[in-house]
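Hi,

Here is the structure I promised to pass on. Have a look at it first, and then read my notes below.

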Amino acid sequence: MVSAYAELEERMRVRLGGRACLYVPSCRFGLYLALRRWCAPGGRVLMSPVNDDVIFFVVLAAGLRPVQAPLDPHDGSLDPAAVPDSVWSGLSAVLTTNLYGNPDPAPELRARCDRLGIPLLEDAAHAIGTTVGGRPVGAWGDASVFSLSKHTGAKTGGFLAVADPRLRDGLAAERDAMLRPARLTKELAYLARPYAESTARGLRLARPAHAALRAAGLHERPGIRMPLRPEELTRALGGAPALDPFHSWIRVDMHDYRLRPGAARLRRVRHRLAALDTVLDAHRAGTARLLASEYSAQGLPADGEVPPLFRTPLLVEDRDAAVAALARRRITVGYLYDPPLDGYAGEAFTDPSPAPDAAAWFARHALPVDPRRADEALTALRASGARPAVPSPAPGGAR
């Protein structure tokens, strides 16, 4: 097991320019390890409100208070200039999101964190292979986490990368102490998962497909956001920092997030990681076509370096109608984050963004498209008459 980890960790170390890497069973588990190591309980963490709700619950499980940040409505990246000094002064850490693979302004955030003496933590789940400021996303923070469920499609595994290699062994010991033992039934279910997903998504009707995915434990959200269950969440906060009180939220759509990987998982991860560069090339090519379309507010990068976005966020006036138009062509849109986390959770559980309009506008209009289906998606959108949405200086009233 150790040698298998070592091989995977070395591959990722090379990708990140020599950063020490630790294999973890999931990105969410790796993020919990990082938050516990770099942030004392009770601290406040600046994060994106347009983000997976699982990440929100991971921050709470670490005993921390989420602080929602203003966003750039063009691509959903963090907008440091819109964060008031009064908010900066009360932070314990900054957590980037790199939404859909669009990089947050890591050089600026790194400089700001250095001035404040607080850690920068990077969630690079969507951004493997993306660079910013001449360095890979994940090579700017004190720590960064990656997912192997996204570009690689391994449906398991991830990495925690650290700037200080002296911390790696201690984090490995913490990881091992919190992992659940591998189980044969879980390994068999993992091996069957791609076939279950393929069968369910092959159904022509959305409702039976979602029901089949839920029955297989692969899709547990009845809507875009999972139910908050505020009374239960209030009780869980009393047990933080700890994973167990928050397990029912953090496990959503990935029950094995803290399971010790067996040989079958590691074989699949090695195979998928070996093919990553080919996948990234396909994502770059599709991203270029989508960014050049009328539905992108970003446009192509001025330096010509197109990132391999995991999903390209197009902006459309009627997002639900656009989703339906793509569904008719059997193109699935996923990873919607609407409403933003401050609207979802409320002030009982998070500090709201000091400038929430841009995030609300982006969440309502963003249509994340798989770059590998760029041409099909653009054809479907144009045929349906979908109209682009254009960010404005006051996006809250742009609709």
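Let me start with a pocket: β6 (131–132) and α12 each give at least two residues to the lining of the second largest pocket. Keep in mind that this is a predicted model. The volume of this second largest pocket comes out at about 460 Å³. Its lining is made up of 24 residues, and P103, T131, P301, E305 and P307 are the closest to the centre.

Now to the charged pairs. How many salt bridges does the structure hold? The count is 25. I picked out a few to look at.

One of them brings us back to α12. R15 pairs with D277 in a salt bridge, with 2.9 Å between the closest N and O atoms. This pair ties together distant parts of the chain: R15 sits in helix α1 (residues 2–15) and D277 in helix α12 (residues 276–291), with the two 262 residues apart.

Another pair is E232 with R229, whose side chains meet in a salt bridge at 3.1 Å, N to O. Here E232 is partly exposed with a relative accessible area of 35%, and R229 counts as partly exposed at 27% relative accessibility.

Then there is D244 with R258, a salt bridge at 3.0 Å, N to O. This one also links distant parts of the chain, 14 residues apart: D244 lies in the loop between α9 (230–237) and α10 (247–250), while R258 lies in the loop between α10 and α11 (263–274). Which side of the cut-off does R258 fall on, buried or exposed? With a relative accessible area of 9%, R258 is buried, because the limit for buried is under 20%.

Last, some of the salt bridges share partners: E9, R168, D169, R175 and D176 are joined that way into one network.

That is what I have for now. Over to you!

Best wishes

Methods
Residues numbered from 1 in each chain as written. Predicted model: local features only at pLDDT ≥ 70, side-chain atom pairs only at ≥ 80, totals over all residues. Heavy atoms only, no water. Salt bridge = Lys/Arg side-chain N within 4 Å of Asp/Glu carboxyl O. Helix = DSSP H or I, 4+ residues; strand = E, 2+ residues; numbered from the N terminus. Buried < 20%, exposed > 50% of the residue type's maximum accessible area, 1.4 Å probe, protein only. 1 Å grid on protein atoms, 1.4 Å probe; cavity = no way out; pocket = protein on both sides within 12 Å on 5 of 7 lines; lining within 4 Å. Points joined across faces, edges and corners; volume = space filled by probe spheres on them.
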